[in-house]
Amino acid sequence: MLGPTLLRASRSPRMRNAVESYRLTRKLATRFVAGETTDDAIAAASALHRSGRATTIDVLGEDVTDLASARQTRDAYVELLYRLHEAAAAAPSEVSLKLTAVGQQLPRNGEDVALQHAREICTAADAVGCRVTLDMEDHTTVDSTLAIGAELRRTFPLVGNVLQANLRRTVDDLAALASSGARIRLVKGAYREPREVAFPRKIQVDEAYRDGITTLMGSRCYPMIATHDPVMLNEARARAERAGRGPTDWEVQMLYGVGRQTQEGIIASGGRVRVYIPFGTDWYGYFMRRLAERPANVAFFLRALVKGQTSPTRPPSRSDTCGPVAIGSQMYR
Ligand SMILES: Cc1cc2nc3c(=O)[nH]c(=O)nc-3n(C[C@H](O)[C@H](O)[C@H](O)COP(=O)(O)OP(=O)(O)OC[C@H]3O[C@@H](n4cnc5c(N)ncnc54)[C@H](O)[C@@H]3O)c2cc1C
């Protein structure tokens, strides 16, 4: 029950004000967010690159309702891309972009504005040798995000899209995209959705995710398997092998602050890992979705609040491990 409540709260302006204005919650958010500035993001990315991980960087922000903010987000991405280039960190990086942060839901011509801004970001990315993946947001944005992805790929063939296994429509979207050869990130889905459009039970979502892995591995696409779930990671490895894919013909993606030891195991066995690094001041919605995903995160959060703890120590449990994962012939924990 807690998950849906937190997902509802992630869209509440009142909750946002309360959580954002509290210094301690800002500190706790750093478990999942690299920091507030471009420098913070580049430092986090460089450290991950040194450890053999690739990265995808997200300028936090979503649901922008005015053109000035949409332009600001575009400018922040362009600055990030050039700064990555200066830091010689562009090649192992890509950027992840939420189209609602660059205008998709503006009341006037939102889709055109978002496409134009995304195009400008892709142009900057192309100039520095970086790729762009369009994050997927709630189900009302899916048609528009897939259409914008397809349009961008006409000029920038490596633009990626994300598909969410929890949505009933995804089986068709996957089939349609599978023949395109696009870069596809498969996720379980982080948004609270009505049951008419989404599977209500976790077991159904897991089943759909498993089917999605099979479709992707057997397709011409570049699969980006974004999950911390050891069952799904093992499934992906097995399906990749069956489809004749080598360890670098697909990649695992995980969120900053989650699954560090699992990532190390995958890299040690020759697999590819990319870490999703969010940064910026607009961290509230992202942070609440991470809490909603895992009850242990909420317990940690509440405990820290009660104690008035001021350092963002990690939860004592298995937050950094996701269970045993076999990549290659070994089992990793
Ligand atoms: C790189 C990346 C990009 C993503 N992009 C999108 C996107 O564009 N759109 C979208 O809707 N969703 C996105 N997501 C989020 C995704 O939809 C899921 O909500 C999230 O990945 C949790 O699901 P799971 O696959 O890890 O499996 P689950 O079944 O939720 O979790 C499996 C196990 O992973 C660990 N785990 C999962 N989440 C956490 C957490 N927050 N903290 C600590 N441990 C955790 C736990 O051990 C858990 O038992 C993205 C996820 C990743 C990794």
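Trainee: How many residues of the lining of the second largest pocket are nonpolar, how many polar and how many charged?

Mentor: This is a predicted model, in which local features need pLDDT of at least 70, side-chain atom pairs count only at pLDDT 80 or more, and totals for chains, interfaces and linings use all residues. Residues are numbered from 1 along each chain as its sequence is written, and side-chain values use heavy atoms, without hydrogens and water.

The lining comprises 6 nonpolar, 7 polar and 3 charged residues (Ala, Val, Leu, Ile, Met, Phe, Trp, Tyr, Cys and Pro are nonpolar; Asp, Glu, Lys and Arg charged; the others, Gly among them, polar). Of these 16 residues, Val59, Leu60, Gln72, Thr73 and Thr281 lie nearest the pocket's centre. A pocket is an open set of points on a 1 Å grid over the protein atoms alone where a 1.4 Å probe fits, with protein on both sides within 12 Å along at least five of seven lines; lining residues have an atom within 4 Å of a point. The volume, the space filled by probe spheres set on the points, is about 260 Å³.

Helix α5 (a DSSP run of H or I, at least four residues) supplies the largest share of the lining, 4 residues. The axes (lines fitted to C-alpha atoms over the stretch in contact, with angles from 0 to 180 degrees between N-to-C directions) of α5 (residues 67-86) and α6 (residues 110-128) come within 9 Å and cross at roughly 10°. The two helices are therefore roughly parallel (under 35 degrees). Their contact residues divide into 12 nonpolar, 2 polar and 3 charged; among them, Arg71 and Tyr77 belong to α5, and Glu120 and Ile121 to α6 (contact: heavy atoms within 4.5 Å).

Note on methods
Angles under 35 degrees count as roughly parallel, over 145 as roughly antiparallel, 65 to 115 as roughly perpendicular and the rest as oblique.
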